[in-house]
Each structure stands twice: as C-alpha cells, then as structure tokens.
Amino acid sequence: MDVTLALLALFSTIGLVFTYLAVSERDLVRAVIYSAVQSSAYAVLLYLLRAPDIVLVYLPVAVGLYPAALLFLIGKTEKVDGG
Amino acid sequence: MRRAIVLVSIAVSVALLAYATSVAGALGNLGLETRALAKMFLTLAYNPGLRELTAMSPEAVTAIVWDFRGVDTLYETVVFYMAITAALAIYRGAPKVGGGGVGLSLIVRVVTRLLIPINIAVAVSIAVHGHLTPGGGFQAGVALAVISVLLAVVYSAKSFGKVGVDESKVIALESAGFVAIAAVVFAPLIYSSVTGAQAYLMQNYVKANSEFSFPVEVLGQLISGTLIWFNVAEFLAVSFSFFIIFMLLSLREEVVRPALVGEESGS
C-alpha cells in the first residue's frame, strides 16, 4: 500500500512537471512530446489506481493517435507559437 | 504574471485532487472499501446461478459496457460512426492517398516492420479476450489504429497504396463492423418475428419472460453471449474508422485543397 502511494506520488509529480513544460514550451513539436511523456506517467497512475481497461485505451490514444493528430495539424501551420 | 497564474492554478487543482482522493475519500480510501453498487456488479458480472441477471463475463467492465449499460455504448458507437461519416464527407472528392515522401531511415523502417505484426497480434488478442481480461473492442481498435500512424509517419503516405490498403477497402471493413453491431442488436427481433416468441432488442441471455439467448460457450470456451461479437465488431469499426481518418490526415494540403474548395469556387 505504501509502495503504491509512493509510486502514485512519483508519477503524478512527473506528470505535473511535464504538463508545466508542455504548457510553457514555445516550440509546438516539443510541447506535443512533453504532453506524450505526461500521458505515459498518467497511464501508470491509472494502472496503479486499478483501471487496466482505461490504461489499454489511454496508451494508444494519448501516446500514439493524439500526438499524431496534433503533429499533422502543426505540420499545416507554423512550428513555433506566435502568441 | 502569466507564469504565476499557471503555477497557482496547477497547485490549486493538485491540492483539490489530493484532498478529494485522500482526505475526503471520494475513491473510497483508494478502493479499499467496496460500495453497494460495485458489489452488485461484481456479483452479477459472472454468476451462472442467476442466469436471468448475469452477463456471464468474468471481466466486469465489459459486462457493464456491453450488457448492463449496453444501449449507452450502442449510442456512443452511433455518435462515433456519424462523426467519422462527417469527416469522410468533408474529404469527399479528395484524390487517392499516395505520392510524395520516402519515409524515415532504414533503421526506423526495419524496426517498424518488426513491430507491426506484434501490434496486430496484441490488438486482436485484446479484442477476442475482451470478455475475459481487461480490454475490449474500442481498446483493441485504437491499438490497431496506431499502425496507420506508423505507416503514414515512418513509410510516408504513399505506403498505404504499396501494402494494398486503399480507401474503399478500409471503409468497407469499417462499415462491416458497424453492420455487425447492428446485426447482433437486431438478432432477437429477427428471432422474435420468426418464432413469435418474446425477445428484447440487444438481449443477451434468457430473461424472466423471454427464452431467447445467445450461446454462453462454444466448444467449452466461454464467449459470454453477445459480448465477444460486440467486441470483435467494435474492434473492426473503431480500428478502420481511425485508419481512414489518419490516411486522409496524412494527405498533403496542396493535394487536398483543390477538391475541398472545388464546389464553392465553382470549378
């Protein structure tokens, strides 16, 4: 139980750090990669919280399909956030 | 200032989540206490003694998704189908996928070639074991759809034509999945109109006033009635829906634009 809590804390911290990096990054491609790392950390959290069904759908969507869709979109616009 | 707002909002939401999950016990002390509703589902998911109530599936999530709240999932699938159809309508008249690009380096292409069969095997096993182990049709579908992204990125868009994947085939397989779901839903109606006995749409097993039932086992293997058919059909529908979307997204803009603006510019 304590190991689970420690792992939960560790992976939610990793997720938090990469969320902040993804939000603050001006290079959109790097932001998508940070977002994928954050998703991987969240996948571990979902597994620890005993939701293996969600992990199975979350991994391909959040690490594969969603970054791919965003990268296709970024490919059609400018690479660096101008705002 | 903007940085400060971001940091404060992250800190506040993390504190709220931590409070909700630990002190306030929203998750029931991280799942240590089982609530009455959860107990009911766990009792009924696989229970040969209560044939009129059970879903006969040891995997409680699939039992809920395709049996206890099956109509809900059915309408989710319908919404998904309409969204995919709308996307296809936007891309109507777009040229065939192909042309341009050579893909990534040899190393990446060889590794990807080794990974694709593994990906297919994992996706199929998630689908056909969906009623036994965590997983199901949607999970398996998105796992398989990752192949379309790999093909588009690693081998370039023209690889779809090279490996014999073309749009009409993908749309045919996708539609076959949705038609199969409809067939399982309407099977009790056909049974009822042929025999005159009472049956309910989307019925899985015998009910108090209906004898209709899908087979629970085939050759000694548990298939959980409608659940395996729904999972396999949803697998086809979801995987090839995503497949066609990523095929279309991988088209280059200058190739697609003439077809998309064709009608309003009068050409």
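A crossing of two helices is left-handed if the near helix is turned anticlockwise from the far one by less than a right angle, and right-handed if clockwise. The crossing of α6(B) and α7(B) is left-handed. The model is predicted: local features need pLDDT of at least 70, side-chain atom pairs count only at pLDDT 80 or more, and totals for chains, interfaces and linings use all residues. Residues are numbered from 1 along each chain as its sequence is written, with chains lettered from A and ligands numbered from 1 in the order in which they are written.

Helices are DSSP runs (H or I, at least four residues), numbered from the N terminus. The axes of α6 (residues 106-128) of chain B and α7(B) come within 8 Å and cross at roughly 165°. Axes are lines fitted to C-alpha atoms, for helices over the stretch in contact, and angles run from 0 to 180 degrees between N-to-C directions. α6(B) and α7(B) are therefore roughly antiparallel (angles over 145 degrees). Residues in contact have C-beta atoms, placed from the backbone, within 7 Å. Among those that meet are B:Thr112 and B:Ile116 in α6(B), and B:Ala143 and B:Leu150 in α7(B).

B:Val153 is also found in α7 of chain B. B:Val153 is buried, with 20 other C-beta atoms within 10 Å (the cut-off is 20 or more). Its C-alpha atom is separated by 11 Å from that of B:Thr112, 41 residues apart along the chain.

Chain B also touches chain A. Here 21 residues of chain B are in contact with 16 residues of chain A. α7(B) gives the most to this side of chain B, with eight residues.

Methods. Contact = placed C-beta atoms within 7 Å. Helix = DSSP H or I, 4+ residues; strand = E, 2+ residues; numbered from the N terminus. Parallel < 35°, antiparallel > 145°, perpendicular 65-115°, else oblique. Buried ≥ 20, exposed ≤ 12 C-beta atoms within 10 Å, placed from the backbone.
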